[in-house]
Amino acid sequence: MMALLAAAAASAVLAAISRLPEQGFSDDVQARMTAVQGQALLSQDRPADALPVLQQALALHRAAFDADHSPEVAAVRAALATAQRRAP
C-alpha cells in the first residue's frame, strides 16, 4: 500500500514539474521522484518495470549530484542492481 502511495505522489510531483515554464531548477527533485517511482515498482515485485525507471533515475541523479560521492546516486545504483538481479 505504501509503495502505491509513494508512486502516486512521485507521479504527481513529476507531472507538476513537467508543467513548469522554467525547467532545470528542480533537477534534484525530478531525480528523487523518478527514483521513488522505480523503488515503488521494486516494492510491488515488478523489477522488469522498475529497470527503465531506475536507469532514468540514475542518469538524472548523475546529472544532479556528485556521481562519485553522492549517497543518493549510490542508493539508486543499489536499487538498479536489485532490479537487474530480480528481473526475468
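Begin by selecting T34. Its relative accessibility is 2%, and because buried means under 20%, T34 counts as buried. Please bear in mind throughout that this is a predicted model. T34 belongs to helix α2. Display its surroundings next: leaving out residues up to four places away in sequence, T34 touches L14, V53, Q56, A57 and L60.

Next, select helix α4, residues 71-86. This helix comprises 16 residues and spans 23 Å from its first C-alpha to its last, close to the 22 Å expected at 1.5 Å a residue. Which residues of α4 are buried? They are V73, V76, A79, L80 and A83. Because these residues cover an arc of only 125° around the axis, they lie on the same side of α4.

Now turn to the largest nonpolar core, which has 17 residues. Select L42, A50, L54 and A83, the members that touch the most other members. The elements giving two or more residues to this core are α2, α3 and α4, and α3 gives the most, with six residues. In soluble globular proteins, nonpolar side chains tend to be buried together.

Neighbours within four places in sequence aside, L42 is in contact with P47, A50, L54, A79, T82, A83 and R86.

Notes. Residues are numbered from 1 along each chain as its sequence is written. This is a predicted model: local features need pLDDT of at least 70, side-chain atom pairs count only at pLDDT 80 or more; totals for chains, interfaces and linings use all residues. Side-chain values use heavy atoms; hydrogens and water are left out. Helices (H or I, at least four residues) and strands (E, at least two) are DSSP runs, numbered from the N terminus. The expected span of a helix is 1.5 Å times one less than its number of residues. Buried means under 20% relative accessible area, exposed over 50%, partly exposed in between (1.4 Å probe, protein chains only). The arc is that of the directions from the helix axis to the C-beta atoms. A nonpolar core is a set of buried Ala, Val, Leu, Ile, Met, Phe, Trp, Tyr and Cys residues joined through side-chain atoms within 4.5 Å. Contact means heavy atoms within 4.5 Å.
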